[in-house]
Amino acid sequence: MTTTAPPVTNGSAPPTHATPLAFAVVKREGGVASFEPDKISVAIRKAFLAVEGAGAGDSSRVRDLVDTLTAQVMAALTRRHGLGRTVHVEEIQDQVELALMRSGEHKVARAYVLYREEHARRREAREGSETQQSAVDLADAGDELAAPSKIKNFTVRTDNGIEPLDTGRLVKVIGEACAGVDHVDPELVLTHTADTLYDQMSAAELTQAPVLAARGLVEQHPSYSTVSARLLLDGLRAEALTLLAGEPITATAAQMAERYPAHLADYVAYGVQVGRLDPRLAEFDLAKLGAAIEADRDLNFTYLGLQTLADRYFLHEGGRRYELPQAFFMRIAMGLALDEDRREDRAIEFYRLLASFDFMCSTPTLFNAGTVRPQLSSCFLTTVDDDLSAIFASIHDNAMLAKFSGGLGNDWTPIRGTGSHIHGTNGDSSGVVPFLKIANDTAVAVNQGGKRKGAVCAYLETWHVDIEEFCELRKNTGDDRRRTHDMNTAHWVPDLFLQRVEEDGRWTLFSPDEVPDLHDAYGLDFKIKYEAYEAKADAGELKVHRTVRAVDLWRRMLTMLFETGHPWITFKDPCNVRSSQQHAGVVHSSNLCTEITLNTSSDEVAVCNLGSINLAAHVTAAGLDVDRLNATVGTAVRMLDNVIDLNLYTVPAAERANQRHRPIGLGLMGFSDALLTLGHPYASEEAVTFADTSMELISHAAITASADLADERGAYGSFDGSLWSQGILPIDSVRMLAETRGGDLDQDTSATLDWAPLRERVQRGVRNSLIMAIAPTATISNIVGVGQSIEPLYRNLYVKANMSGDFTVINAHLVDALAERGLWDEVMVADLKYWDGVLGPIDRIPAEIKELYATAFEIDPSWLVRAASRRQKWIDQAQSLNLYVAEPNGRKLDELYRLAWRTGCKTTYYLRSQSKTHVEKSTLQGTDGRLNAVSTDVPVTPVGGSRLDGAPQPDAAVSPSPAGGADRPLAEVPRRAAQPLVKVPAMAAVTLEGSGAACSTPDDPDCEACQ
């Protein structure tokens, strides 16, 4: 366990240098540049990072020392030269070196000396720019590059007419973008850029040209993604600064370090003026906040992350963006600190957490915090009552909630079934399906302001008489008026149904109007009531009912899950038996992404406020940095709790429920990255254990943080009578579920921490009724640049498509591992593209690398379930648990989903089959950066296998070529098989009907369920 210092704030902002000293800096080749003192502090901080690691960036000791040393360097230069004189860049670096030595930081000083010597040798040898260049030298970045002669006489079309191409600035921008980035060649970027330029090109084309040039080199090394992002940022800076100033302005990254403090004030003023930002933001001490901005954080984005922010998150006016990354994070931080007593200090604390990528708020919070319409919550859950007015009121609520980026989960179980009597008209009901069609079309129509598609999930309990038609809602055949092609669907499965499946028993379907109390019943109470209604049906006392073989219905459910990806399988009893709020209501459904388990009723719309810890940022090869993790969780819980009071509620029932219960959902992302740092394959006992211990630490820290908030702000309104008030923690509720099932639960209950003190403390109060939930994080993980949520590696090389376009994604961890072994070359790139990022067929890759970097479809999916079960014992809500099955068949799906149920998982999410999308097999260089995808509707299955409909499988699976060439056979990919993890009782064989594909890819640009 490492113990680097966690991010803290001491209530004071670091000093700024808004008015630079009037020095002129003589560069090495004799040119003169203006003095930029902020580069000194950045250079010193980088020296500390090189010696002390990433923790130094968040250490208050280091920050204070850097400020002191910077002041000493500037004082020394002033004494030696006075104002208005010139000073050589080497002398500035000499003074930095002396200051470090005098402060006693000898290791840091030595690292700085070695760095200078190495750079001097490389400059003399003209070996290019594969160096780590300090910010003191950032003004010189690109000085060793020379613009190709063929572009020196080019002109550019601007708003002011035809102007000469500023080749010096182009070279400067490319050099600066490559500065400090390993494994990139600025000469190559410049050459590729020059190849795309032409005389009288537009200014917009000139801005985009280097971005696309670097983007096309990503396949050579992932570091070019960072270069692409920095080049993209150059255009974003010009766009924002020009809009705010009303005249053309450009700024390099080095210049932006000086500009950011003033830019923040200008940005807030403009946002308030155009009616987008909350006027209260202008009441902050913007000078203090501007001084706290860390401009060098702008350089940490990948291209996918920054392009996603630019396209979907940054504020704009008239199609022109005026928000830059650090202003974006500060806007969110200010928006969440509006009601804090020391709001500047809290805003700086929140800002540092976001800008460091240690934690990220969910998409609605990023969209709307600090704006005039702060709808900050992610998830809304509703129950639809069996009344025409209530049905359309619920659809209206769906529209209002979706308008500001909320994801929806609707419980439709109360709606009477087909053929049931309607008293008002003396007619028969047409069932739930026609209303689901309306809800589907509403989600399509309300597309969240064009930022992302509206998204809703409908839930139905397995005993509803319309359940079989509900299964078919996503089919592409049949009456389209009874299909919901855009809406997610999910089963809400009681334990009794799966018990009947296992014993090959019968299952009776009812209309809810005749069995009204089944909706609120669970556990033993449900069993008693259900069997009583079965007896009534047998006696002819119920009008609408039907009896089926439980196995046949289960087979139909799995068949539709395979063919259409829906309905998902979620479990009613674990969600309710383990709910801390069972005294205050019933959980009737989960949410859009199956991680939220909150009570709903006709009076309450459940709301959850989400954010995710970047687990990868808290792990080193030595293990979890517990101090840093605790600090992150403490600040994150406070931010999420603030959302509840600052939120814009478009539905009154949502505000009532959220204020009374105050649920939040703290999750995580970067789990697969953390495993790679630790050297644990996903399919291993070590990974399962890490899932357990990491979640235990997060759970303990999160519950502690909520208890701390209760001491400060008071417990939530419905605390009395909750499991918390009885001293029952999530780990304790596992035993309650086991008792409900008569001991038939295979879920681990071991712990490594001492929970007794916390168990006693929570009886006095916690601030939030529910605290943890693991969401999919598909978009915010892109922003941060880590693997999403708890997912395994999808592919080591693939094309990710979303609303921002198509992006080449390469596993940087793998590239480093291969490069260390001398295996990263053009042939390896070609092999990875051919095998769609799967390592198994590539002979020269060592077995231990293949095991560590095994992709989702190479891993036996039972490993995912095992890890989820171990996490679930610590989580008071649920997880978005995707399951990957390379060659689905009935027996595999039956065993997998019953394994999830038997091991205590509360919900499952998408079933993923082999992807339809493959990386283009031809080279990516020479394109415009947008990649074409290869598609096939036939799942790839092993040699000698069979299709799910029983049709024979060809001798080799075939993938079409990218450009219409001959098809090429793919050999069977070796897979690491796991031992059977839990013995699932035998049952009647389940054979899937028909063929098709489950949800084909987690990166479908049209699927916003996991964005």
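This is a predicted model: local features need pLDDT of at least 70, side-chain atom pairs count only at pLDDT 80 or more; totals for chains, interfaces and linings use all residues.
Select Cys457. Its closest cysteine sulfur belongs to Cys593 and is 8.6 Å away. Cys457 is buried, with a relative accessible area of 0%. Now select Cys905, which is also buried, at 1%.

**Aromatic pairs**

The whole structure holds 27 aromatic pairs. Show Tyr270 and Tyr322 for one of them. The ring centres are 4.9 Å apart and the planes stand at 70 degrees, so this pair is edge-to-face. Where in the chain do Tyr270 and Tyr322 lie? Tyr270 is in helix α9 (residues 253–273), while Tyr322 is in the loop between β8 (320–321) and α12 (325–336), 52 residues apart. Tyr270 is buried at 15% relative accessibility, and Tyr322 is buried at 0%.

Next, select Phe301 and Phe357. This pair is edge-to-face, with 5.3 Å between centres and 65 degrees between planes. Phe301 sits in the loop between α10 (286–292) and α11 (303–312), and Phe357 in the loop between α13 (343–355) and β9 (359–361), so the pair joins parts 56 residues apart in sequence. Phe301 is buried at 1% relative accessibility, and Phe357 is buried at 7%.

**Charges over rings**

Select Arg343 and Phe284. Arg343 lies over the face of the Phe284 ring, 4.5 Å from the ring centre. Finally, go to Arg871, whose charged end is over the ring of Phe671, 4.6 Å from its centre.

Technical notes: Residues are numbered from 1 along each chain as its sequence is written. Side-chain values use heavy atoms; hydrogens and water are left out. A disulfide is a pair of cysteine sulfur atoms within 2.5 Å. Buried means under 20% relative accessible area, exposed over 50%, partly exposed in between (1.4 Å probe, protein chains only). Rings of Phe, Tyr and Trp (its six-membered ring) pair if their centres lie within 6.5 Å; planes under 30 degrees apart count as stacked, over 60 as edge-to-face and the rest as tilted. Helices (H or I, at least four residues) and strands (E, at least two) are DSSP runs, numbered from the N terminus. A charge sits over a ring if NZ of Lys or CZ of Arg is within 6 Å of the ring centre and within 35 degrees of the ring normal.
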